[in-house]
Amino acid sequence: ALFCVSQHCFFSRSLSASNNRNGEDSWFKSLFVRKVDPRKDAHSQLLAKKEDTNLYKIQFHNVKPECLDAYNSLCEEVLPSINTDAHYPCELIGTWNTWYGEQDQAVHLWRYRGGYPALTEAMNKLMQNKLFLEYRNERGKMLLSRRNQLLLEFSFWNEPTPRPGPNIYELRSYQLRPGTMIEWGNYWARAIEFRQQNSEAVGGFFSQIGSLYMVHHLWAYKDLQSREETRNAAWRHDGWDEVVYYTVPLIQHMESRIMIPMKTSPLK
């Protein structure tokens, strides 16, 4: 009986300590993460544009350093022909080389008007395109690695459209904590107003396939100095500091690439 009593006391003290730790953890986390009301709809239905069903694909190709010039020439020869051919339900939004960030890297952004059916149609037709198959074969000899993601665009961002240059582009990529996408969207729906005055906002996307809970913001600047000045100017807007304060805790990892458009990129 004494053992049972002692065991009961030990269990009670352990449970009490555990509850205290859980309570302290919950209180500590509440300082940094704001609650979001539960939703019945999928995140993609709440955050994506409703007037169309655009699907985007972003490709990251890590090129062998000695092959970069040949790789660029190959892309400049083949990709525009696909982009301008109405037979393929896809559009090349932009194609770049990373300048600062991961080196010897190419980034391509495609749009499929019509969503997943358009993507499937384009891929099936390309498999019958001799030029594309030769391009893919030659490209494979030049790459160290490659990856892609399928994306939807945030409803509150402008749709990316061709623009004149010369510009540099910044791709800011955020790996969010699972379950925080709606909260991110709520804050950035207001924050984007602070970043559209100089037309630097090109597009905002979130992942559907590939790395999940991934957000990409694409910005255009005349040069690195104008980027610095534009970003600093955002802090002079009332409310920008609050957006930063509440969205930073949602991020697990973030990365910035400064990119230079290839010669045939629609985003110059």
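Predicted model: local features only at pLDDT ≥ 70, side-chain atom pairs only at ≥ 80, totals over all residues.
## Helix α4 and its buried face

Let's start with helix α4, where A118, L119, A122 and L126 are the buried residues. Looking down the axis of α4, you'd find these buried residues within an arc of 100 degrees, so they line one face of the helix.

What do the buried residues of α4 pack against? Their partners are β1, α3, β3 (105-113), α5 and β4.

## The whole chain

Stepping back, the protein chain contains eight helices and eight strands. It has 268 residues, and 43% of them count as buried. Now take the contacts with a separation of 6 or more: residues 24 or more positions apart account for 83% of those.

## Helix α5, with a length check

Next up is helix α5, which covers residues 130-142. The buried residues in α5 include F132, Y135, R139 and M142. They take up an arc of only 75 degrees around the axis, which puts them on the same side of α5.

Those buried residues of α5 pack against β1 (54-63), α3 (68-83), α4 (116-126) and β4 (143-153). There's also a detail at the start of α5: N129 has a side-chain oxygen that reaches to within 2.9 Å of the backbone nitrogen of L131.

## Eight strands in a barrel

Now for the strands. In general, strands of a sheet pair through backbone hydrogen bonds, either parallel or antiparallel. Which order do the strands follow around this barrel? Eight strands close into it as β1-β3-β2-β8-β5-β7-β6-β4, with antiparallel pairing. On average, neighbouring strands of this sheet are turned by 35 degrees against each other, ignoring direction. Helix α5 packs on the sheet, where it touches β1 and β4, and its direction makes about 120 degrees with that of β4.

You can follow some of the pairings one by one. Nine bridges connect β1 with β3, running antiparallel, and Y56 sits opposite R111 in β3. On another side of the story, β1 and β4 are joined by eight bridges, again antiparallel, with I58 opposite Q149 in β4. Strand β4 in turn is joined to β6 (residues 201-209) by four bridges in the antiparallel sense, and here L150 stands opposite I209.

## Strand β1, buried on both sides

Is β1 enclosed or exposed? Of its 10 residues, 10 are buried, so β1 is largely enclosed by the rest of the structure. Five of the side chains, those of N54, Y56, I58, F60 and N62, point one way. L55, K57, Q59, H61 and V63 point the other way, and all of these residues are buried.

## Two residues worth a look

Find Q105 in strand β3. Its relative accessible area is 1%, and Q105 is buried. Leaving out residues up to four places away in sequence, Q105 touches F60, H61, N62, W96, N97, T98 and R257. The side chains of Q105 and E102 are joined by a polar contact of 3.3 Å. Q105 and L143 are 38 residues apart along the chain, and their C-alpha atoms are separated by 9.4 Å.

Then there's R172, in strand β5 (residues 168-176). Why does R172 count as buried? Its relative accessibility is 11%, and buried means under 20%. The R172 side chain makes polar contacts with the side chain of E170 at 2.8 Å and with that of Y174 at 3.0 Å. Not counting residues up to four places away in sequence, R172 touches V215, H216, H217, W219, R227, R231, M254, E255 and S256.

Technical notes:
Residues numbered from 1 in each chain as written. Heavy atoms only, no water. Helix = DSSP H or I, 4+ residues; strand = E, 2+ residues; numbered from the N terminus. Expected span 1.5 Å × (residues − 1). Buried < 20%, exposed > 50% of the residue type's maximum accessible area, 1.4 Å probe, protein only. Arc of directions from axis to C-beta. Contact = heavy atoms within 4.5 Å. Polar contact = N/O pair within 3.5 Å; in protein donor to acceptor, adjacent residues only side chain to side chain. Pairing = 2+ DSSP bridges. Axes fitted to C-alpha atoms, helices over the stretch in contact; angles between N-to-C directions.
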